[in-house]
Amino acid sequence: MGMSADNLRGFILALSSSFFIGSSYIVKKKGLKKSRASGLRAGSGGFSYLKEPLWWVGMITMIVGEIANFAAYAFAPAILVTPLGALSIIVSAVLAHLILDEKLSLLGVLGCILCVMGSTMIVLHAPKERNIESVKEVWSLALEPGFVIYCCATVSSVLFLIFKFTKHYGQSQMLVYIGICSLMGSLTVISIKAIGISLKLSFSGMNQFIYGQTWFFIITAVICCLTQLNYLNKALDTFNAAVISPVYYVMFTLFTILATMIMFKEWDSQDATQIISEICGFFTILSGTFLLQMTKDLCCSNNSEQPILSETELQDP
């Protein structure tokens, strides 16, 4: 089955977005490292990185990537666009190895490959884009009981993580920060999808910015993006960038696909084979993430052993 012109445009935009976003992780982390000398680090609640030019270069790079990603959602379904973020894993992992000296073992490389394979399976069996003719149609989908329940559960989980877990476990458990980013990210995608549809329809002559629903989606997208940015900075400043990228990607993809499936009911147009293939693709991605997490644990284990060796050598006559 061939790819439609709109899906092809979305595919190219999503692909370029991954290159920009993957490299932005590394540039921003370089800026975060430099900013530690002049103030409280981001992982401890500081904002000295805002005075670091290198961090802003990374921020601009990420914005360019997000704009390309934003445009991709206007042309293609989320289940096609979102999994292509796997490419940013490879970009960030390679650059972290070359620039930040954050070594990625063969096990980590295998994990990256599995993530890409799983994403490819999802992309090949992605459903067609739903034909929407007004932002009011998106609004009506957002008010259906299933999506309302998802939104309530997501916001409640984010608030619980922020007020109950970040203080005690944020510095030791990567999934606390990444969980907040991923949950908010799923709502960001829904909002951006609605904004993209509004822009696309407006450019075709049907102005959607006269409706309050469009501005509601814009405000929601801004709030969610700012929350993601804050906690992503904390995660990058505290943990290994080569591992943050794939874990964030998998969790973000999971919640985004779940949110879009609930809201747009994209699986209704697919047969059992396509749905099973997409599920298998996702579990392949999870396998890759598991290997990357093992790589992180091995690195942490090696680092914890090093001070003991140094003390012994110092005490040796």
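Okay, quick one on terms: accessible areas here come from the Shrake-Rupley method with a 1.4 Å probe, and for residues only the protein chains shown count as cover. On that basis, the chain has an accessible surface of about 15400 Å², and carbon and sulfur atoms hold 70% of that.

Now, this is a predicted model, so local features need pLDDT of at least 70 and side-chain atom pairs count only at pLDDT 80 or more, while totals for chains, interfaces and linings use all residues. Residues are numbered from 1 along each chain as its sequence is written, and side-chain values use heavy atoms, with hydrogens and water left out.

What's it built from? There are 11 helices and zero strands; helices are DSSP runs of H or I, at least four residues, and strands are runs of E, at least two, numbered from the N terminus. Of the 317 residues, 50% are buried, meaning under 20% relative accessible area.

Let's look at one pair. H6 (residues 135-142) and H9 (residues 212-238) have axes that come within 9 Å and cross at roughly 65 degrees; axes are lines fitted to C-alpha atoms over the stretch in contact, with angles from 0 to 180 degrees between N-to-C directions. Contact means heavy atoms within 4.5 Å, and here Val 135, Lys 136, Val 138 and Trp 139 of H6 meet Gln 213, Thr 214, Phe 216 and Phe 217 of H9.

In the model, residues 53-72 are 100% helix, with end C-alpha atoms 29 Å apart.

Terms used:
Buried means under 20% relative accessible area, exposed over 50%, partly exposed in between (1.4 Å probe, protein chains only).
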